[in-house]
Amino acid sequence: MRTFNRTFCLFVAVIISAWTFTSALKIISRAEWGARHPLATRPLRTPASHVFIHHSDGPTSSDVKSGSEIVRSIQDCHMDERGWSDIGYHFLIGGDGSIFEGRDWRNIGAHVANHNRKGHGIVFLGNFMGTTHWRVKLSRLRVCIKGEGYVFCLCFSEVAPTEAALTAAKDLINYAVKERHLRPNYFLKGHRQMGFTDCPGDRLYKIIRSWPNFRP
């Protein structure tokens, strides 16, 4: 009888611990932020070996409502303009620490060309280059001053992600390891390490270089 009681108590403790962890993460489900249904999915072998960190290079959010609007616009861009089957990232993190569910842990994303099969993509909402700078972008992106097939835009970058957003990302990664979505000896990389891009921005990249499992 004692053995049963100890086993039952341990089971209850594990359930409570898992519930507390996931509750603290503030994960906003696809249904909650108004996601469109994916057109197709492809299975990702888990536990995955990599986590790729991105910034959205756009506005950040201060609450669930503003975050949901931004996430919906990103999904629309990925599906309607880029022709993808769904939003590219697995999770999107707002400035208030809210985590928006993107693609399922078990599905391949679309966020790092030629490396999507390796792992999960986590994007911080915002631009974290840390400077005010001029950039040239294709005209299909929203900008002010249009030229011959191009547009010039003045980008005002946030200094760095909020502590709430950074904590949410680290907690999410720890949860992924705990739930075996991600290997304990995973590789953490910034998007710029995998291709020609300034993502996830100079300030955010500097921060993640000090995180556990970061690999140059």
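The N-terminal end of H3 is capped by Asp63, a side-chain oxygen of which lies 3.4 Å from the backbone nitrogen of Lys65. Such a polar contact is a pair of N or O atoms within 3.5 Å; within protein, one must be able to donate a hydrogen and the other to accept it, and residues adjacent in sequence count only if both atoms are side-chain atoms. Helices (H or I, at least four residues) and strands (E, at least two) are DSSP runs, numbered from the N terminus. The model is predicted: local features need pLDDT of at least 70, side-chain atom pairs count only at pLDDT 80 or more, and totals for chains, interfaces and linings use all residues. Residues are numbered from 1 along each chain as its sequence is written, and side-chain values use heavy atoms, with hydrogens and water left out.

Helix H3 covers residues 64-81, and its 18 residues should span 26 Å at 1.5 Å a residue, which agrees with the 25 Å between its end C-alpha atoms; the expected span is 1.5 Å times one less than the number of residues. After H3 comes Gly83, with a positive phi near 75°. The buried residues of H3 are Gly67, Ser68, Ile70, Val71, Ile74, Gln75, Cys77, His78 and Met79, where buried means under 20% relative accessible area, exposed over 50% and partly exposed in between (1.4 Å probe, protein chains only). Their cover includes helix H2 (30-33), S3 and S4.

Ser61 counts as buried because its relative accessible area is 5%. Leaving aside neighbours within four places in sequence, Ser61 is in contact (heavy atoms within 4.5 Å) with Ser66, Gly67, Ile70, Gly94, Gly95, Asp96 and Leu125.

Turning to the sheet, six strands form an open arrangement in the order S1-S4-S3-S5-S2-S9, with mixed pairing; two strands pair if DSSP finds at least two bridges between them. Strand S1 (27-28) and strand S9 (182-190) are the edge strands, each pairing on one side only. S3 and S4 run antiparallel and are joined by three bridges; Leu92 has Phe100 in S4 as its bridge partner. H3 packs on the sheet, where it touches S1, S3 and S4, and its direction makes about 40° with that of S4. Helix H4 (residues 163-178) also packs on the sheet, touching strand S2 (48-55), S3, S4, S5 and S9, and its direction makes about 145° with that of S9. For these angles, axes are lines fitted to C-alpha atoms, for helices over the stretch in contact, and angles run from 0 to 180 degrees between N-to-C directions.

A search of the whole structure finds two aromatic pairs. Phe91 and Trp105 form a tilted pair, 4.6 Å centre to centre with 50° between the planes. This pair links distant parts of the chain, 14 residues apart: Phe91 is in strand S3 (residues 91-93), and Trp105 is in the loop between strand S4 (99-101) and strand S5 (119-124). Phe91 and Trp105 are both buried. Tyr205 and Phe214 form an edge-to-face pair, 5.9 Å centre to centre with 70° between the planes, and Tyr205 and Phe214 are buried as well. Rings of Phe, Tyr and Trp (its six-membered ring) pair if their centres lie within 6.5 Å; planes under 30 degrees apart count as stacked, over 60 as edge-to-face and the rest as tilted.

The loop between S4 and S5 also contains Asn116, which counts as buried at 15% relative accessibility. A polar atom of the Asn116 side chain lies 2.9 Å from the backbone nitrogen of His111.
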